[in-house]
Amino acid sequence: GKKYFNHKKNFNKNKNFNKPNNKRPFKPQMHKKPGRSNELSKLTEEQIGVTEYIFKDNPGFTGIIKSRFSDFHVNEIDNDGNEVRLTDLELPTPPTEPPPPTQQPAKPPTQRDLKREQTIQELTGMITKKHCDKIKDISEREGDCHDSVEIDVSSLEKDDRTLIHDKLKQVFRQSIISSTIDKDNKKFIKVTKFNKGEKHDRRRKWMWPHEYTHFVMHKENIDTIQAASTLAANLSCKPSFIVYTGTKDRRAKTSQWFCVRNRDPKRIFNAVKRVPNIHVGNFTFKPDTLKLGQLKGNRFRIALRQISAEEAVIGKALTSLRDNGFINYYGLQRFGNTCEIPTYEIGLQLLKGQWEKACELILKPREGQPKFMEVMREYWWETRDAAGALSKLHKTNRSIEARLLSGLVKQKNEYVNALTQIPRNMRLMYLHAYQSFVWNTIVSRRIREYGCKLLVGDLVYVSKQAENFKGVVDVAADETEENENVPSEDEDESAEQQEKEKISDFKALVRPLTEQDIRSGNYTIFDIVLPLPGHDITFPTNIIGKWYEETLAENDLSAEKLKQKIKFYSLAGAYRKVFVKPTNMSWYFLNYKAPTDTLIVSDIEKLRGIPEPTNDPSDPFKALILDFVLPTATYATMALRELLKADTSALYQSNLSKAAGTVDTTNGNSEKRKIDEADAADLK
């Protein structure tokens, strides 16, 4: 295994964290401009553990993936099996009066509800129930309120008074203000309402039928996290308030559901009105928020340009993919865009609690950056002056690096707290990238040594219900920002029983295959799952389980060590199918005139009345247009890899484009210009 998985050795090469030398004046040493050296710094499939094919002997063919971002279209498939498309840009008519109250079914109390009730009981024992009821009455009043509650605490020590303030804050949060005052030679805790004014008025005027505004976002050449951050900034809310079911490809045109609480459709529409590559519509209102993973899959429409083989050869390869499937690897999108600092290395440091090293890796200089980012990185690397490095960026810069630097300034280089300034989904992606790297590597070794056959000890789901169990995700994905603090010993003890119940749920979802299971013929390779490493997961009972232990040990980790005191950075684990088949798969060939021709019409183009391109056999270029559906968290590029028998990395595909003489020298600017022109027309 170490022959193929030498992550620790490779990581140590990048681990020379230079110490600041403030005696020397800062002189930025600019990296070379993008060129050959930058191309060589890009990740390849082998570097993320992707090395095998289901059928190596099947001939592949040449076809350029994502020659233009308009060659790759993704439409989410929701939980009801419906394709998510942007079909309506109209704003709903605002209601003139609030909806009638509806009887909501009682929901079982959450862990947070139970904890709050316990805190209320503790507070009642400290200040009496009468005081608690008065404070509750003040906190729930609408509009400005100038009443107050005064509690005599003269007999209490300062620590006891502080504890009361803390309990009041835990129960009533920002609805009240508490302070200790001196009056008549006595000490009182005075509680008043925090009058937010504008915010309370806005909340009272919410007229729409439900509190969550759901809408379809169609984005072009921008990743989901960046799109959500842009929307959040323009709505003046935290990025975590913008909810979606999963991330979609950056270099593509994609449509998916988003939602946000208590935001008017017009505000959402105006928030992206001047953003040329984001469109919103299909507004609706629901009582519940979306959740990560709340989808069935994605529909892909993909154009492969400059195909090289005869149609009969390509047809045979397509039939093989449709019938035999592909290895369900995590694609390059999971790991960032540079081999110098892939996201899994940052994730590894977070899992080990090495907060400073994680920050070092995020801010470390690297090839292929814009000049202003290079200046910032070089300055910080030489001086460790977060405030000075932040000043090198424009004040509107909302990049991961800018957020982290801002956190380092605010937290005075308390690295673990500074990291919380990075959007939680991005931090989760670092953690999951390490899991994905381990998973890819283990799968490649399993196929390389044992092929595509069932083995005694392989894991399968115990039932269809277990396979569809929504709890099979990393626990961290469901945690809120408030759960990122180190828990107290009391909290650990109170959660012990719930933790044991979770463990039994996750581990009972799968079981190992027996010799009898294999002989029965009831299982195929498409039933096999392998775990993403975690502290609450079942590992295979065959040699593959040992591989997991060895791999984690190489990085000074174990399954037990993936559970941290800071719950956000713990990984419970998950299960993932090793082999997958595309469904609803179809294809056709399309001749086109120029390398910049649009070959697939997007949702927004359909709304503008742009017709599908027609085939003219006399046109000089030929493309293959693919249409298929994949389950959630499955990468279409890995299906294309099995089809083409070729590396899907940006470096390899760029070289293919250059060899074909069809490089888009506009670097996508012609596509962007078309978007800008169309949007300008829409705004008039």
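Modeller: Buried here means under 20% relative accessible area, exposed means over 50%, and partly exposed lies in between, with a 1.4 Å probe and protein chains only. By that cut-off Asn282 counts as buried, at 18% relative accessibility. The model is predicted, so local features need pLDDT of at least 70 and side-chain atom pairs count only at pLDDT 80 or more, while totals for chains, interfaces and linings use all residues. Residues are numbered from 1 along each chain as its sequence is written, and side-chain values use heavy atoms, with hydrogens and water left out.

The whole chain comes before the part. The protein chain has 25 helices and 17 strands; these are DSSP runs, numbered from the N terminus, with helices (H or I) of at least four residues and strands (E) of at least two. Of its 684 residues, 47% are buried. Contact means heavy atoms within 4.5 Å. Among contacts between residues at least 6 apart in sequence, 82% join residues at least 24 apart.

H14 spans residues 400-410 and is mostly covered, with eight of its eleven residues buried. Those buried residues are Ile400, Glu401, Ala402, Arg403, Leu404, Leu405, Gly407 and Leu408. They pack against helices H7 (224-235), H11, H12, H13 (386-391), H15 (415-418) and H16. After H14 comes Lys412, with a positive phi near 55°.

Two of those partners also meet each other. The axes of H11 (residues 355-363) and H12 (residues 371-383) come within 10 Å and cross at roughly 145°. Axes are lines fitted to C-alpha atoms, for helices over the stretch in contact, and angles run from 0 to 180 degrees between N-to-C directions. H11 brings Glu360, Ile362 and Leu363 to this contact, and H12 brings Arg377, Trp380 and Trp381. By class that gives four nonpolar, no polar and two charged residues. Nonpolar covers Ala, Val, Leu, Ile, Met, Phe, Trp, Tyr, Cys and Pro; charged covers Asp, Glu, Lys and Arg; the others, Gly among them, are polar.

H11 has another neighbour in H10. Their axes come within 7 Å and cross at roughly 165°. That makes H10 roughly antiparallel to H11. The classes are roughly parallel under 35 degrees, roughly antiparallel over 145, roughly perpendicular from 65 to 115, and oblique for the rest. The H10 and H11 crossing is left-handed, meaning that the near helix is turned anticlockwise from the far one by less than a right angle, with clockwise counted as right-handed. Glu345, Ile346, Gln349 and Leu350 of H10 face Trp355, Lys357, Ala358, Leu361 and Ile362 of H11. This contact has six nonpolar, one polar and two charged residues.

Now the rings. Rings of Phe, Tyr and Trp (its six-membered ring) pair if their centres lie within 6.5 Å; planes under 30 degrees apart are stacked, over 60 edge-to-face, and the rest tilted. The count is 18 aromatic pairs. Tyr330 and Trp439 have ring centres 5.8 Å apart and planes at 85°, so this pair is edge-to-face. Tyr330 sits in the loop between strand E10 (326-327) and H10 (343-351), and Trp439 in H16 (residues 424-450), so the pair ties together parts 109 residues apart in sequence. Tyr330 and Trp439 are both buried. Trp380 and Trp381 have ring centres 6.3 Å apart and planes at 45°, so that pair is tilted. Trp380 is buried at 2% relative accessible area, and Trp381 is buried at 8%. Elsewhere, Phe215, Tyr244, Phe258 and Phe283 form one aromatic cluster.

Asn262 is not a glycine, yet has a positive phi of about 50°. Asn262 lies in the loop between strand E7 (253-261) and helix H8 (265-272). Asn282, also a residue other than glycine, has a positive phi near 50°. Asn282 belongs to strand E8 (residues 278-286).
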